[in-house]
Amino acid sequence: MEYKFCDKTDMKAVAEMEEKYIECPWSENTLLESFGQDSYVFIKAEEDGILVGYGSVQIILDEGNINNIAVSENFRNRGIASGILNNIISCCKDRGVTVMFLEVNEHNVGAIALYTKFGFGKIGERKNYYKSGNAIIMSLKL
Ligand SMILES: CC(C)(COP(=O)(O)OP(=O)(O)OC[C@H]1O[C@@H](n2cnc3c(N)ncnc32)[C@H](O)[C@@H]1OP(=O)(O)O)[C@@H](O)C(=O)NCCC(=O)NCCS
């Protein structure tokens, strides 16, 4: 498995995964717009040149906000999301980030377990943030 920065041309595959796996998916246009901004970092996991996972973070001053992380269904439970998150965190450290934030659906047991494993802790909730439930706000001090 290889972890790399995304290219602009990866946004099509990322949009397809957003559509498949994310409750409020970003369109290819929204992804391209974000990709064009210096504050956004997109990391991909590739196997044999095929994108099988991605994650993105927006860095503003010393804060990093994780947008989404997703891994293709056939490739889960192999540590790929962990690899992506490790790359995102080290990129944040390199850019002087001191605290990271994210929102996750309260029912998303897998994602909450992943973030908890990396030391993220719950700091609050946004009621009815998603159609299917509240968002849990988590943060990690670097
Ligand atoms: C959440 C997701 C990204 C995890 O990807 P993954 O590559 O399977 O994750 P990893 O293999 O790196 O797992 C790391 C840890 O996360 C936790 N974890 C991951 N999936 C889990 C699940 N379904 N149930 C419980 N814990 C889970 C475990 O603690 C695991 O550590 P372990 O292997 O030592 O037990 C993946 O399930 C996914 O793409 N889900 C759909 C999209 C999504 O919900 N993204 C998060 C929204 S922000």
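Start with the ligand: it sits in the largest pocket. Keep in mind that this is a predicted model.

**Stop 1: the shell.** Select the residues around the ligand. There are 20 of them, and the closest are Ile69, Asn77, Ser82, Asn108 and Lys117. Color the shell by residue type. Eleven of its residues are nonpolar, six are polar and three are charged.

**Stop 2: the elements behind the shell.** Show the cartoon. Strand 4 (63-71), helix 3 (80-94) and helix 4 (109-117) each give two or more residues to the shell around the ligand. Which element gives the most? Helix 4 does, with six residues.

**Stop 3: the ligand's oxygen atoms.** Select alanine 81. One of its backbone N or O atoms lies 3.0 Å from an oxygen atom of the ligand. Move on to serine 82. Here an N or O atom of the side chain is 2.7 Å from a ligand oxygen. Now pick lysine 117. An N or O atom in its side chain also lies 2.7 Å from an oxygen atom of the ligand. On its own the ligand has 920 Å² of accessible area, and the protein covers 71% of that.

**Stop 4: a salt bridge.** Side chains of opposite charge can pair when their charged atoms come close. The structure holds nine salt bridges. For one of them, select aspartate 10 and lysine 44, whose side chains meet at 2.8 Å, N to O. Aspartate 10 lies in the loop between strand 1 (2-5) and helix 1 (11-21), and lysine 44 is in strand 2 (residues 40-47), so the pair ties together parts that are 34 residues apart in sequence.

Definitions and conventions
Residues are numbered from 1 along each chain as its sequence is written. This is a predicted model: local features need pLDDT of at least 70, side-chain atom pairs count only at pLDDT 80 or more; totals for chains, interfaces and linings use all residues. Side-chain values use heavy atoms; hydrogens and water are left out. A residue is near a molecule or strand if one of its heavy atoms lies within 4 Å of it. A polar contact is a pair of N or O atoms within 3.5 Å; within protein, one must be able to donate a hydrogen and the other to accept it, and residues adjacent in sequence count only if both atoms are side-chain atoms. Accessible areas come from the Shrake-Rupley method with a 1.4 Å probe; for residues, only the protein chains shown count as cover. On a 1 Å grid over the protein atoms alone, a cavity is a set of points where a 1.4 Å probe fits but cannot get out, and a pocket is an open set with protein on both sides within 12 Å along at least five of seven lines; lining residues have an atom within 4 Å of a point. A molecule sits in a cavity or pocket if more than half of its atoms lie within 2 Å of its grid points. Helices (H or I, at least four residues) and strands (E, at least two) are DSSP runs, numbered from the N terminus. Ala, Val, Leu, Ile, Met, Phe, Trp, Tyr, Cys and Pro count as nonpolar, Asp, Glu, Lys and Arg as charged, and the others, Gly among them, as polar. A salt bridge is a side-chain nitrogen of Lys or Arg within 4 Å of a carboxyl oxygen of Asp or Glu.
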